[in-house]
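Student: I am new to this structure. Could we go through it together?

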Amino acid sequence: MGYVFDLGSVLNGKYLDWFLIGLATTLALTMAAWCLAMAMGIILTLVRMIPFPPLGWFVALYVEYHRNVPLLVQIFVWYFGVPSLLPRPARQWINAHHGEFLLAAIALGLAAAAYVAEDIRSGIRSIPKAQYESARSIGFGYLGAMGYVVLPQALRIAVPPLINQTLLLFKNTSLAMAIGVGELTYRTREVESYTFKTFEAFAVATAIYLAISFGIMALGSWSGHRLKLETR
Amino acid sequence: MKLFSVLGLTAVLASGLSGTAQADQLADIKARGKLICGTLGTAEPFSFQHPQTRQIVGYDVDICQKVADALGVALELKGIAVEARIPELLQGRVDILAANLGYTPERAQQIDFSHSYFVSQQKLLTTKDSGITTLEGLAGKKVTAIKGSSSEQGVRRLIPTAETVTFQDTSSAFLALAQDKVDAFCGSELILVKLAKQSKVPMLVIEKSLFVEPWGLGLRKGEAAFKDQVNGVLGKLASSGELDTIFGKWLGEGTAFNIKRDYKVEEIKS
């Protein structure tokens, strides 16, 4: 009884639909979490730059929590833990409006924000302090020096690591399967448990994940060339 | 395309390996001197860790032990996850499955089932607050089940309007129900009765069964000698009364489940 590798058996009818729904959910979850991660990452960076030590400690604590606690645990905390602290009507509203998607996006986004904040901070730190001081000495204010001199260079430097974070975020969305979000990995497991075509189901999922990851990497390398500053 | 050829090659290799093992499994097991039985290890009272001895014990384990005894070989237990049951068997990592394996026509296309050694009532657990007391009340609601289980497929088949949300394990599915994230939890009556008893949130098991599910031991296809031997052991256990003893020990009077054996050991018909 040889094993017949038959991709067609999982790429038709409802199974194909499941893959497509899963892919759409994975992409939507990636987008939602990415927007949150960028917004929160920039906010964290700005807060850290305020010269008031307790704020810096807060950001450091935030970053350490999100980098050191396993992401799956963070997802469980958001899904099972946080809603139980909310009043009952809020809980019911979340449960009735696909709370698992919302809470997974928050968990993934906030965790990625910690890395984004670190990447932007490294970008800023890579610009010699002399440039900031020179800008100040020729009459720029704090905002002017940051806005015209430091940040345009710092963000360019931060782009490649940020693309990298996007790639990680995209792949991490598969963890949302554990709380019942119907993303690509969840749907793949479903196709597998219905058809028992383990190789085929995961071959399809692997091809999809690879194609999108390559897309993100290509974007990264294109933007890397595009944004490179001519230096002498 | 290269990816597919690599995967295809893996598949061919895997089937080649299991192909040699399938020459005569019964002879292989006897030559090896041990029967490798795939069991869940997380499903009281069928297969679970004894709190004191830390050994995996239970109804499934005892049945496997009897099969091993009849073959005159030692028993080796291998813990497996619910969704890995059939792949583990097909890839030859275990000889036999005693793992809450309910009969479904889809599964019967992949593996052979022994005669039924247990029959499970698949029921639904809801919270008392939800006000749902009948199966009809579940139309359009969210129903959870363990990922890859026959309960999940049963819900899709029998309550097509319900939305299924699956979790990796019983505890996550139960927590989701307790927190009102889903409206009902479909599973074996035994598990649900125990959960309802332990729950702090008041819960009830809907009286009517969603479906009845005979469980068989899982075997690879095309192993007639091994299958006959296993069915012979099960038949002997039933006629000698040993099955009643084993059943009583794990599920009968004096246990948390307190049920009577009301099924026969017989061929499972779809």
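Tutor: Chain B and chain A bury about 2900 Å² between them, with 58% of that on carbon and sulfur atoms. The model is predicted: local features need pLDDT of at least 70, side-chain atom pairs count only at pLDDT 80 or more, and totals for chains, interfaces and linings use all residues. Residues are numbered from 1 along each chain as its sequence is written.

Student: What makes this area "buried" between chain B and chain A?

Tutor: Buried area is the accessible area (1.4 Å probe) that two parts lose on being put together, summed over both. The value of about 2900 Å² is that loss for chain B and chain A.

Student: How many residues does the contact take from each chain?

Tutor: It takes 32 from chain B and 32 from chain A. Contact means heavy atoms within 4.5 Å.

Student: Why is the meeting of Asp180(B) and Arg88(A) called a salt bridge?

Tutor: A salt bridge needs a side-chain nitrogen of Lys or Arg within 4 Å of a carboxyl oxygen of Asp or Glu. Asp180(B) and Arg88(A) are at 3.5 Å, N to O, so the pair qualifies. The count between the two chains is 2 salt bridges.

Student: What are the classes in the lining of the largest pocket?

Tutor: That lining has 14 nonpolar, 12 polar and 5 charged residues. Asp, Glu, Lys and Arg count as charged; Ala, Val, Leu, Ile, Met, Phe, Trp, Tyr, Cys and Pro as nonpolar; the others, Gly among them, as polar.

Student: Which domains supply the lining of the largest pocket?

Tutor: Domain 1 (25-119 + 214-251) and domain 2 (121-212) of chain B each give at least three residues. Those bounds come from an automatic or database domain assignment.

Key:
Chains lettered and ligands numbered in written order. Heavy atoms only, no water.
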